[in-house]
Amino acid sequence: MSARNTIRKRRREAGIALLISIFVLLLISVVAIALIVSSGTESALAGNYRSSTGVYYAALAGLEEARGRLLDKDPNSFKNKAAAGFLPAPGTQWDMGYVRYVLNPGPTEVAANILTTYPDTEYDNEFGLGALAAANRMTTPSVWNRSPLDSLNVPGPFYKWVRINAVSEVSLKLDVDHDTLADSTTPLYYDGIRFSNSSLVGPQVLEITSLATLPNGSQKLVQYLVAPVPITLPPFLGALTLSGSPGEDPVFHAPANNNGYAVKGDGWDCNGNPAGPPVSAINIYGDYPGSSSGAAVAGIKGGIPPSPPSPARWNYTGQGAAPDVEYVISSSKTPSQLNALAQTIIQSADAVVPAGNAATQTAYMNSLNMSPSNILTVVANGDLDLTHWGKTGYGLLLVTGNFTMDPDNGWRGIILVIGQGKINNTDNTGSREIDGAVFVAKTNDTSGVALPDPNLEEASVIFDDNMGGTGIRYSSCWIQKAQPIDSYKVLSFHEIPQP
C-alpha cells in the first residue's frame, strides 16, 4: 500500500515538473520574441533616422553649393562656370519668372531627365498653376558633375536639383507694403530688417530650393531665403572724401578757370532726380582730435579760388554753407584696415586693368563694355591713366596707385583711390561727371609700404586750372548699385512637407 502511494506521488510530481518546464520555455520564447521585435523596431527607427538625416544633409548641401556659387569670388561661381545668361547682367535684378536650376544626376541618371524624374511641383504652389511652364528656365551642372569632382570614386551628396529665383508677395504670402494687394510681379528687397517692394531700400531677396532623394526613396525639400551682403566700405558722407591727420592735411586744388565744375553733396538718384538728404560736398576723413581739423578744412577751402573767373564757391554745396567742406568723422579706419579692404575688393574684382600706358589701359576699359546693365568691380593694382578714354564707367573702381583722370571720363558708382591716394589730370577738355562718391586715402608711402597705424596721411586731388569736366555729384543710388558682394546672408530656412 505504501509503495503504491509513493509511485502515484512521484507521477503527480513528474506531471507538475513538465508543466513548469513548458511554462518556463513559453515565457523564454515570449521574451525572446519581444526582444527580436524590439530589436527590429529599433533597427527600423535607426534606419529611418539615418535616412532622414542623410537626405536632410544632402538637400542642405545643394542649398549651400548654390549660395556659394552666387559669389563671383567662388572658384566654381556661376559667373565663371555656367553658360552665358545663367545669371542676370551685373547690377540688374532677377526678374520674376527668371528660374535657374543646378542639376546633380546620379551615376546612372541623365541630366536632361532630372526635372522629369523629380519634378519641381513647389514652384507652382508658390507662384500659381502654370507658372513654371511659363518661366525663363536654364540649367547648369553641379560641382559634382564637372571636373575634377566627377572623376572621383566617392559619390557626392544625393540632391537632385537646386532652384534659384526671385520672390514676390504672392510667393511668400506676405503683404509687405500693407496695401492688401498681393503683388506677383514686383520682386522683394531687404533693408536689413524687413522686406520691401522698393529696390531703393537694399539688395534683392532670392529663394534657393533644394530637392534630395536617397536610393531608398527618402526625399527632402528645403529652402533658403537669402540676400546679398555688400563688402563693408568706409561710410560715404561726402561726394568727395579725402584722408588726412594732424600735420598731414589733405590737398585739393580746383580747376580754377572752369566755372561749371562743382562738387555737390545734395545728391541725385540713379535717374538724375534730386533724392535723399544731403551730405558734405567735401569730407575730410581721419583722426583729428578736438578742434585740430580746422586747419585742414581751411586748406581745402583755400584750394577753391573765389570767383571770377574760378569755379564759384557756391558750386560746392551739401548739408552746410557753401563751400561745404567738413570734418564729419571723428574716427576712421587705419592704413592697415583700408589696405585690407583693398585686398578684399581685389579678390572679388570682375576685372583687373593691366599695367601700362594710357592707350593700353583705356583699350582694356573699352573691352569691359560697362553700362547701367553691366555694372562691374574694376581694379587697377597700381597706377591708372584714363587720359582720352572718353567713356563712362559703371560700378566700383579701385586704384591703389596714382589715378590720372580725364575730364571727358564719367563714372556712375564708387571710385576708391586707396594706397598712394592721388588724383590728377593731364588732359583738360571734356565735360563728363562722376555720380556716386569718390574716396581718396593715402595708406602707403611712395615705395608702397603701408604707413604705420593709426593715422592716414594726406590725400591729394590736384587739377589743372584749365581742366574741364562738370565735377562730382553724390548719389546714394549709384553707390548702392556699385557695392561688391561679400556673401549671401540666410534670412530664413524651412523644410517643405512632401505629399
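In this predicted model, a nonpolar patch lies on the surface. Val-24 is placed in helix H1, which covers residues 2-69.

Salt bridges were searched for across the whole structure, and 12 were found. One of them joins Arg-194 to Asp-191, with 3.7 Å between the closest N and O atoms. The partners fall into separate accessibility classes. Arg-194 has a relative accessible area of 51% and is therefore exposed. Asp-191, at 33%, is partly exposed.

A salt bridge also forms between the side chains of Glu-495 and Lys-220, at an N to O distance of 3.1 Å. This pair connects distant parts of the chain. Glu-495 belongs to strand E24 (residues 485-496), Lys-220 to strand E7 (residues 219-230), and 275 residues separate them. Glu-495 is partly exposed, with 40% relative accessible area. Lys-220 has 16% relative accessibility and so counts as buried, the limit for that class being under 20%.

Asp-435 and Arg-412 form another salt bridge, in which the closest N and O atoms are 3.3 Å apart. Asp-435 sits in strand E21 (residues 433-442) and Arg-412 in strand E19 (residues 410-419), so their pairing ties together parts 23 residues apart in sequence. Both Asp-435 and Arg-412 are buried. Elsewhere, salt bridges link Asp-72, Lys-79 and Asp-350 in a network.

Strands E7 and E24 also take part in an open sheet of six strands. The strand order is E2-E1-E3-E6-E7-E24, and the pairing is mixed. E2 (136-141) and E24 stand at the edges. Each has a single partner strand, so one side of each lacks a neighbour in the sheet. From one strand to the next, the twist averages 20 degrees. Within this order, E3 (residues 159-166) and E6 (residues 206-213) run antiparallel and are joined by seven bridges. Ala-166 stands opposite Leu-206 of E6. In general, strands of a sheet pair through backbone hydrogen bonds, in either a parallel or an antiparallel manner.

Two further residues were examined through their surroundings. Thr-377 is found in strand E15 (residues 376-380). Its relative accessibility is 4%, so Thr-377 counts as buried. Beyond residues up to four places away in sequence, Thr-377 touches Ile-345, Ser-348, Ala-349, Asp-350, Ala-351, Leu-396 and Pro-484. Among these contacts, Asp-350 is also a member of the salt-bridge network with Asp-72 and Lys-79.

Lys-391 is located in the loop between strand E16 (384-385) and strand E17 (392-399). At 39% relative accessibility, Lys-391 is partly exposed. With neighbours within four places in sequence left aside, Lys-391 contacts Asn-366, Asp-408, Asn-409, Gly-410 and Arg-432. Its C-alpha atom lies 10.0 Å from that of Asn-369, a residue 22 places away along the chain.

Methods
Residues numbered from 1 in each chain as written. Predicted model: local features only at pLDDT ≥ 70, side-chain atom pairs only at ≥ 80, totals over all residues. Heavy atoms only, no water. Patch = residues over 30% accessible without salt bridge, like charges linked within 9 Å, V, L, I, M, F, W, Y side chains within 5 Å. Areas by Shrake-Rupley, 256 points an atom, 1.4 Å probe, with all protein chains shown as cover. Salt bridge = Lys/Arg side-chain N within 4 Å of Asp/Glu carboxyl O. Helix = DSSP H or I, 4+ residues; strand = E, 2+ residues; numbered from the N terminus. Buried < 20%, exposed > 50% of the residue type's maximum accessible area, 1.4 Å probe, protein only. Pairing = 2+ DSSP bridges. Axes fitted to C-alpha atoms, helices over the stretch in contact; angles between N-to-C directions. Contact = heavy atoms within 4.5 Å.
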